[in-house]
Amino acid sequence: MGTNSASLEQLKESVARSGLDAFVLTPGPTLQWVTQHDFTSHERLFLLIVGADGSAQAVVPALEESNWREAVPAVDSVHPWDDADGPETAAASALAPYASASKVGVEPLGCRFMELAHLQRGLPGVEIVGAEEISSSLRLHKAAHEAEAIRGAADIAQAALEFTLQQVKVGSREREIAATLSSQLLSRGGEGISFGPIVLGGPKSALPHGIPDDRELRAGEYLLIDFGTAHKGYHCDITRTFVVGAEPDERTRAVYEAVRASNAAGCAASKPGATMHEVHTACQQNLHEPQWDEFFKHRTGHGLGLDIHEPPSVMRGNEEVVEEGMIFTVEPGLYLDGWGGVRIEDDLWIRSDGADSLTSYPRELQILGV
């Protein structure tokens, strides 16, 4: 990421190349990338406006002004506002230099209706468009310190998982396991819980995004755990699947081993010059088509960083080339409705000679509570 001034300069250069007249950021991961500070707006208007001419204006709630001036010294003007006066005057002043623009970009998943309404009032007649490609291009390739932050998050997560698994036995409840895991993530230094842990036993493990409940685990069935935490702002995302309380039967072991081989094939295929489609295909082909094809229900993986899901998308038909510095997940799964499912997920940092897995928890089948 470099210094925050350097990051702002990179953003300015990206806007200048984009064909837009300006680009507007609201609090979220890209603004965090630019400033190295996690600003939150809640209900308050908070904007960074970057012009194609290299200008930069900020609309900042008064209670964040000191943090902003410390984090981002290089903007042309800061327009603070307080709750009593409201943001209208500050927004109008900040947007005035761009009144003659024809097209202004925003992040389609980051700009709320409230921010959009202010932009439309301050820039009447200007076309406002989604411009995700600006932020994704800046954040797509990770520096070493970003990758090491994700590795640090994974270390915390894996230690939390190891402790949690020691408590699991036949009769344990999904929700109890999720609560223990969440507590361990926080107590070991994780910066929150990236998403509610997915802890699913037996037939429910066939639901890729199921919700834990009070169902008790039974002997010989799967336990799927998908979870993450953050370290220095960067998220890890890891999934492992286990068997509870008894040796697995032939089918249970066969499904597991098919997914484990698929994960290994996807990781091996993840190297510079391959396409996302080829990584996906390597995973899918290793699931012994057509025996398992109908049970492979989702893309192979997604990018990872300040967001738990960000570009690139590792999926069929995506011809985007794998490049050094990218970080994405490889998480093949088989989901047999009404019976059970297996997913094994790792976080890969692409190096010049292949993939460095930032997650290291064992992938061999483990039997818990025996």
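**Notebook: the sheet and its helices**

I began with strand β5 (residues 103-106), which pairs with β6 in the parallel sense over four bridges; two strands count as paired if DSSP finds at least two bridges between them. Gly105 stands opposite Val129 in β6. I took helices (H or I, at least four residues) and strands (E, at least two) as DSSP runs, numbered from the N terminus.

I note that this is a predicted model, in which local features need pLDDT of at least 70 and side-chain atom pairs count only at pLDDT 80 or more, while totals for chains, interfaces and linings use all residues. Residues are numbered from 1 along each chain as its sequence is written, and side-chain values use heavy atoms, with hydrogens and water left out.

**Sheet.** I traced an open sheet of six strands in the order β4-β3-β2-β1-β5-β6, with mixed pairing. Its edge strands, β4 and β6 (127-130), each pair on one side only. On average, neighbouring strands are turned by 20° against each other, direction ignored; axes are lines fitted to C-alpha atoms, for helices over the stretch in contact, and angles run from 0 to 180 degrees between N-to-C directions.

**Strand β2.** I found antiparallel pairing over four bridges between β1 and β2, and likewise antiparallel pairing over four bridges between β2 and β3. Ala22 has Gly51 in β2 as its bridge partner, and Ile49 has Gln57 in β3. The β2-β3 hairpin has four residues between its strands, and Gly54 in the turn has a positive phi of about 90°. I then checked burial (buried is under 20% relative accessible area, exposed over 50%, partly exposed in between; 1.4 Å probe, protein chains only). Five of the five residues of β2 are buried, so this strand is largely enclosed by the rest of the structure. Leu47, Ile49 and Gly51 lie on one side, Leu48 and Val50 on the other. In a regular strand the side chains alternate between the two faces of the sheet.

I looked up α4 (residues 88-95), where Ala90, Ala91, Ala94 and Leu95 are buried. Seen down the axis of α4, these fall within an arc of 120°, so they line one face of the helix; the arc is that of the directions from the helix axis to the C-beta atoms. They pack against β2 (47-51), β3 (56-61), β4 (77-81) and α5 (113-122), contact meaning heavy atoms within 4.5 Å. I recorded α4 across β2, β3 and β4, at about 165° to β4. Helix α5 lies across β1 (22-25), β2, β5 and β6, at about 150° to β6.
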